[in-house]
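Trainee: I'm new to this one and would like a close look at a single part. Could you walk me through it slowly?

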Amino acid sequence: MIEEKITKTMMHNYFKAGIIEAPIKKRYARKHLAGAIVVGVFKNVFSLSEIEQGLRLILADTSPAEGYDNFVKIFNNQSSQETIKMPPVANISLEPTSTMLIQYSAIQSVLFWFLAR
């Protein structure tokens, strides 16, 4: 989907930048793979510092597993639509710091980027 392999060097840079938690004894877990997927998708549109800020906001309210599950659910739902659109306003909080709004907006930005390509 992102047409780019995720290399050890890229992962090391994500660890050094604090975007993804470093593995213990060089053993990757599911959360590392999930983080690499999320960063790989978003880095086409957002800078690494913007991705880090977004992840910090989202993970402040939820666990990494739940955050990734939400990402997959939103991404799959939005990418399967004939047109990219926001969900009904009644279903999400429109507060500027709403993590759901941040996730939807970020995913839609990526989907628009994919469409433009």
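Trainee: Before we zoom in, among contacts in the protein between residues at least 6 apart in sequence, what percentage join residues at least 24 apart? After that, please take me to the place where α4 and α5 meet.

Mentor: Keep in mind that this is a predicted model. On your opening question, the share is 62%. The protein has 5 helices and 0 strands, and 35% of its 117 residues count as buried.

Now to your spot. The axes of α4 and α5 come within 10 Å and cross at roughly 45°. The crossing of α4 past α5 is right-handed. On the α4 side, the contact is made by G67, N70, F71, I74, F75, Q78 and S79. Facing them from α5 are M100, Q103, Y104, I107, Q108, V110, L111 and F114. Sorted by class, that gives 9 nonpolar and 6 polar residues, with no charged ones.

Next, pick out I107 in the picture. Leaving aside residues up to four places away in sequence, I107 touches F42, F71, I74 and F75. I107 also belongs to the largest nonpolar core, a set of 20 residues. Y14, I20, F42, F71, F75 and I107 have the most contacts inside that core. Which elements give two or more residues to it? They are α1 (8-16), α2 (30-42), α4 (64-79) and α5 (99-116). So α4 and α5, the pair you asked about, are both among the contributors to this core.

Note on methods
Residues numbered from 1 in each chain as written. Predicted model: local features only at pLDDT ≥ 70, side-chain atom pairs only at ≥ 80, totals over all residues. Heavy atoms only, no water. Core = buried A, V, L, I, M, F, W, Y, C linked by side-chain atoms within 4.5 Å. Buried < 20%, exposed > 50% of the residue type's maximum accessible area, 1.4 Å probe, protein only. Helix = DSSP H or I, 4+ residues; strand = E, 2+ residues; numbered from the N terminus. Contact = heavy atoms within 4.5 Å. Axes fitted to C-alpha atoms, helices over the stretch in contact; angles between N-to-C directions. Left-handed = near helix turned anticlockwise from the far one by under 90°. Nonpolar A, V, L, I, M, F, W, Y, C, P; charged D, E, K, R; others polar.
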